[in-house]
Amino acid sequence: MEFFRNDGARTGLFFGATSGVITTIGLITGLNAGTRSVAAVLGGIFVIAVADAMSDALGIHLAEEADPAATPQHVWAATISTFLNKFFFALSFAVPLLLLPLDQAVLASLLWGMLVIIVLSYFLARTQNASPIMIIGEHLGIAVLVVVLSHLIGVWVGETFT
């Protein structure tokens with residue numbers, strides 16, 4: 001696990017996992033509200049897992065390369081870690097959709113996503129010697145805002161374009 005002792009890998013872990021969760025729960029909520037289609041939601045998850053993971057990895061790669069102090073090893077560790085974490089966290093949301101009815105799968109996905117955010121926030125707070133409650137609350141608040149806005153957008157699109 002030497003890889004995750006690397007600052008670049010840690011950057012990719014926190015960025016990739018958080019982005020994978022927030023993007024995917026937003027997508028699930030919005031597509032479910034707008035389509036009520038397992039195929040649309042599942043297809044969206046697969047697209048996020050590939051296209052958005054690659055996009056985020058390239059974004060981190062360029063951002064890290066822009067730092068004159070970053071070594072090539074740091075840049076590539078952040079790039080690879082971002083891709084892998086985003087890819088696998090996004091794909092993890094497909095499991096409930098493959099096993100449960102749509103409404104239950106959406107709820108399970110939201111609970112899974114919030115749990116990941118809580119765990120990541122807790123470890124972040126511990127590394128910063130900060131209050132876990134404050135950091136968890138801040139990050140959960142952002143996640144809930146994404147879910148609410150995505151749901152409202154999905155409802156609007158479903159009512160306007162179907």
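Patches are made of residues with over 30% relative accessible area and no salt bridge, with like charges joined within 9 Å and nonpolar side chains (Val, Leu, Ile, Met, Phe, Trp, Tyr) within 5 Å. A salt bridge is a side-chain nitrogen of Lys or Arg within 4 Å of a carboxyl oxygen of Asp or Glu, and accessible areas come from the Shrake-Rupley method with a 1.4 Å probe, only the protein chains shown counting as cover for residues.

The model is predicted: local features need pLDDT of at least 70 and side-chain atom pairs 80 or more, while totals for chains, interfaces and linings use all residues. Residues are numbered from 1 along each chain as its sequence is written, and side-chain values use heavy atoms, without hydrogens and water.

A nonpolar surface patch of about 890 Å² is formed by Val144, Leu145, Val148, Leu149, Leu152, Ile153, Trp156, Val157 and Phe161. Val148 belongs to helix H6 (helices are DSSP runs of H or I, at least four residues, numbered from the N terminus). With 43% relative accessibility, Val148 is partly exposed, that is, between buried (under 20%) and exposed (over 50%).

I turn to the rings. There are four aromatic pairs in the structure, a pair having ring centres within 6.5 Å; planes under 30 degrees apart are stacked, over 60 edge-to-face and the rest tilted. Phe83 and Phe87 are stacked, because their centres lie 5.6 Å apart and their planes meet at 20°. Phe87 and Phe88 are edge-to-face, with centres 5.1 Å apart and planes at 80°.

Methods: Helix = DSSP H or I, 4+ residues; strand = E, 2+ residues; numbered from the N terminus. Buried < 20%, exposed > 50% of the residue type's maximum accessible area, 1.4 Å probe, protein only. Phe/Tyr/Trp six-rings, centres within 6.5 Å; stacked < 30°, edge-to-face > 60°.
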